[in-house]
Amino acid sequence: MEKRGQLIVISGFSGAGKGTVVKGLVDKYGYSLSISATTRAPRPGEVDGKDYYFKTEAEFRNLIDYNGLIEWAQYVDNFYGTPRKFVEDELKAGRDVILEIEVQGARIIKKQYTDAQLIFITTKDAETLRDRLTGRGSETEEQVEKRLRRAAEESEMIGYYDYIVINDDLDTCIDTVHSVILGGKCKKERNEDFIQQLQDSFRAGNE
């Protein structure tokens, strides 16, 4: 029987580059990516069903009502959530699944999937984050300030995560996160069946 896949939760400050890191992990290492549902408007170049499932608020609330989401949260006036079916199907098939979600959702996920790995992507300091938010040019100054205030709140929850990775250099960050995930797969808690089989094989050989 194929071993169940691992659930990896990746969060980070808006502007820290978590989306680009996740894309790199999928492209370079072949992870499955759970596409989130959201009520926010698409940004230029984003495609429905590829980047997000773009929903009206009524459609999103319908998913909540029918237990179609593992978790959901409101972030800066919009709703985000993780569709349940895709995640469960991939894990059962033995594939590792990445969820790119906010800190509120990460805590909910950890309660349901206690062996999930929680990874937080951050810049080296607040000033670097401000520079990146301003530099991408997709938001007004007011929106940038709102995201920075939200980041300050999120910083109080970083201690809830299993691993913290600083995104100074994109390629290095992608490879570091991949190494963290591989390390998690080697934990004894995820290999108890294998340990038992190994011990049994030695016992059988000594009989």
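## Pockets and cysteines: worked exercises

The second largest pocket holds about 290 Å³ of space. This is a predicted model, where local features need pLDDT of at least 70, side-chain atom pairs count only at pLDDT 80 or more, and totals for chains, interfaces and linings use all residues. Residues are numbered from 1 along each chain as its sequence is written, and side-chain values use heavy atoms, with hydrogens and water left out.

**Exercise 1.** Work out what lines the second largest pocket.

*Solution.* Start with the rule: on a 1 Å grid over the protein atoms alone, a pocket is an open set of points where a 1.4 Å probe fits, with protein on both sides within 12 Å along at least five of seven lines, and lining residues have an atom within 4 Å of a point. Here that gives 12 residues, with Lys-3, Arg-4, Arg-190, Asn-191 and Asp-193 nearest the centre. Now sort the lining: seven are charged, three polar and two nonpolar.

**Exercise 2.** Classify Cys-173 and Cys-186 as buried or exposed.

*Solution.* Grab the cut-offs: buried is under 20% relative accessible area and exposed is over 50% (1.4 Å probe, protein chains only). Cys-173 has 1%, so it's buried. Cys-186 has 64%, so it's exposed.

Note on methods:
Grid points are joined across faces, edges and corners, and a volume is the space filled by probe spheres set on the points. Ala, Val, Leu, Ile, Met, Phe, Trp, Tyr, Cys and Pro count as nonpolar, Asp, Glu, Lys and Arg as charged, and the others, Gly among them, as polar.
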